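Hi there,

Here is the structure I promised to send over. Please have a look at it first, and then read my notes below.

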Amino acid sequence: MVNRLVVAAPASGSGKTTVATGLMAALRRAGDRVAPFKVGPDYIDPGYHSVATGRPGRNLDPVMVGEHRVASLFAHGARGCDLAVVEGVMGLFDGRVDTEGVGSTAHVAKLLSAPVLFVVDARGQSRSLAALLHGFRGYDPTVRLGGVVLNQVGSARHEHVLRGACAEVGLEVLGVLPRDDRFALPSRHLGLVTAAEHGPAATAAVSAIADAVARHVDLDAVRRLAAEAPAMAVPTWDPRAEVEPVAGTPTIAVAGGAAFTFGYAEQVELLAAAGADVVVVDPLRDETLPDGTAGLVLPGGFPEQHAAELSANEGLRAAVAALARGGGPVHAECGGLLYLANSLDGAPMCGVIDAEGAMTPRLTLGYRDAVAPQDSVLARAGSRITGHEFHRTALSVPHGVKPAWRWRGHDLRPVAEGFVLGRVHASYLHTHPASAPEAVTRFVRACASESVRSEATR
């Protein structure tokens, strides 16, 4: 296990992403090989982490993958690096609702035996900071607060008082970031604008944050804190050991580009390990599927932000519809589900699913313990998985005759969601493939059979 630390905060909006991303980029500039991670199911922050480090941003989510997999997935993502920076989620102890912090930043810090760098938004407080730090440090002594970064500090006098408060409780200040709107990353209805959509501006924003962190944070002190993480002997997650290789090499297209950024790096790794030839397709640019495409993966993202351009690409929409109607396996999640619908905010989509998608004012958010009601290209009937919903869109028809998943809502009423149509599996539920590698094997096997069938009919 490499040197490592977790960047946490008392609450959302404290500056975790700014500090974590800035640290990653500043350390990389200084010559360190940095492995980036994010606690929880968030897909957006890892995009900025990737810009900062030049490596895939990865998620560590005990709820989705099981706590027994977290350390090995971490070891996989951190191979060949000098240190790892793990950005937390929400407040330090905020985890899955109605649990004692399962999936929280603190939970992951303990699973990794990693010290915590605590980021505090100092606006509106001075000596009260000592009480806040005392409370967080004492709430669970098994989580080690190793240092503090003061964010949004207003003046030299303000800094002096805050440093005194930290000294009162014996916590070292590793950095002090002044108030500066230039450090902000662009936001919208589900959080930050993705790095892929922000393009060159994302690179510029990360560079500006790295400049600030290099100037105002003691990078050597950060390295020393990361080096305090104890050695751990854990097996490194290996995608080749998780799946059964499938005969043949079916071509599987995976949607990417600015409209479809909500995917896990492990998904492509598992698809390839199972024998697939994975080709990334950008539905905003590519006018057709790759030659010989046997199956398609449509991850989530922000198709609602690009509905007009997606609709204008009639060639690819027609190719996707033809693949699905011809029996080609399709796995679609959230944004991918919307792309398969008849329309999205009035713009024609692929028409595979007979429903209309539209933006709504309501946020649907939370983990779901789901079961597969019937066999599909993704799962056997009765298979269980924990996934996550995160969207402000809705479909006019929430599920088909054969729903993709069933679960119990917060009121314990049964919920049916998604669609199984032939060899199409489409749902709002985001799933982590590392939690169910057998589903990847099953999907690739279905694609291989489609590839053989297609060859036979030529």
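A word on the annotation before anything else: UniProt positions are given in the numbering used here, feature names are shortened, and annotations may be inferred rather than shown by experiment. This is a predicted model, in which local features need pLDDT of at least 70 and side-chain atom pairs count only at pLDDT 80 or more, while totals for chains, interfaces and linings use all residues. Residues are numbered from 1 along each chain as its sequence is written, and side-chain values use heavy atoms, with hydrogens and water left out.

The unreviewed UniProt entry annotates residues 252-433 as "domain: CobB/CobQ-like glutamine amidotransferase".

Now the domains. The assignment, whose bounds come from an automatic or database source, gives domain 1 (3-228) and domain 2 (239-456). Their C-alpha centres lie 32 Å apart. In domain 1, 21 residues are in contact (heavy atoms within 4.5 Å) with 29 residues of domain 2. About 2,400 Å² is buried between the two domains, with carbon and sulfur atoms giving 62% of this area; buried area here is the accessible area (1.4 Å probe) that two parts lose on being put together, summed over both.

Lastly, a helix pair. The axes of α2 (residues 45-53) and α9 (residues 200-216) come within 10 Å and cross at roughly 70°; axes are lines fitted to C-alpha atoms, for helices over the stretch in contact, and angles run from 0 to 180 degrees between N-to-C directions. The two helices are therefore roughly perpendicular (65 to 115 degrees) to each other. Tyr48, Val51 and Ala52 of α2 meet Ala202, Thr203 and Val206 of α9 in this contact.

Best wishes

Methods:
Helices (H or I, at least four residues) and strands (E, at least two) are DSSP runs, numbered from the N terminus. Angles under 35 degrees count as roughly parallel, over 145 as roughly antiparallel, 65 to 115 as roughly perpendicular and the rest as oblique.
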